[in-house]
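Open the model in your viewer with the sequence panel alongside, and follow the stops below in order. Each stop names a selection and then says what is found there.

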Amino acid sequence: MTSLTAQAEINVFACEPEWAALAQELGGDKVQTFSATHAKQNPHFIRARPSLIAKARRADLIICSGAGLEVGWLPILVQKAGAAVQPGAVGHLMTSEYVPVSYTHLRAHETREEGGWGGGGGEKEGGGGGGG
């Protein structure tokens, strides 16, 4: 990997668009960002396509959520991309390793898919009734 200070631009490969947006906001014109997914994609089910491998190979920084979100495709992608972005190396950042993970949204999502919460309609978990 070349020295990051010697480059005019840092290439950032983000697994999700939120990380790409954050890197772009922080780095401004000193970074070039690419997101492997877009807002309407489920990041659990991405394929390690050759185009993604090529983008990751050129990356100085890979930033992803971690916590198993990209487990189906990121390990293959990183392996094929090359040494600069391997786990444990400078340039490989899994945010879940630095921020506590909350699974509340996951439980809520599963509850809605299973037909819980009275079929949707914006009701709160546990029913919508008052005391009595």
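**A loop stop to begin**

Select Ala 67, which is found in the loop between β3 and α3 (74-81); helices (H or I, at least four residues) and strands (E, at least two) are DSSP runs, numbered from the N terminus. The model is a predicted one, in which local features need pLDDT of at least 70 and side-chain atom pairs count only at pLDDT 80 or more, while totals for chains, interfaces and linings use all residues. Residues are numbered from 1 along each chain as its sequence is written, and side-chain values use heavy atoms, with hydrogens and water left out.

What is there to see in the backbone of Ala 67? Its phi is near 55°, a positive value in a residue other than glycine. Most residues other than glycine have a negative phi. Ala 67 counts as partly exposed because its relative accessibility is 43%, where buried means under 20% relative accessible area, exposed over 50% and partly exposed in between (1.4 Å probe, protein chains only).

**The whole chain**

Now show the whole protein chain as a cartoon, where five helices and four strands can be picked out, following the pattern β-α-β-α-β-α-β-α-α along the sequence. Buried residues make up 27% of the 132 residues.

Select the four strands next: they form an open sheet in the order β2-β1-β3-β4, with parallel pairing, two strands being paired if DSSP finds at least two bridges between them. The edge strands, each pairing on one side only, are β2 (31-35) and β4 (92-94). From one strand to the next the twist averages 20°, with axes taken as lines fitted to C-alpha atoms, for helices over the stretch in contact, and angles running from 0 to 180 degrees between N-to-C directions.

Within this sheet, β1 (residues 10-14) and β3 (residues 61-64) pair in the parallel sense over three bridges, and Ala 14 stands opposite Ile 63 in β3. On β2, five bridges join the strand to β1, and there Asn 11 stands opposite Gln 32.

**Across the sheet**

Phe 13 counts as buried at 1% relative accessibility, whereas Phe 34 counts as partly exposed at 25%.

**The last stop**

Finish at His 92 in strand β4, which is buried, with a relative accessible area of 17%. Leaving out residues up to four places away in sequence, His 92 touches Ile 62, Val 78, Val 85, Gln 86 and Pro 87, contact meaning heavy atoms within 4.5 Å.
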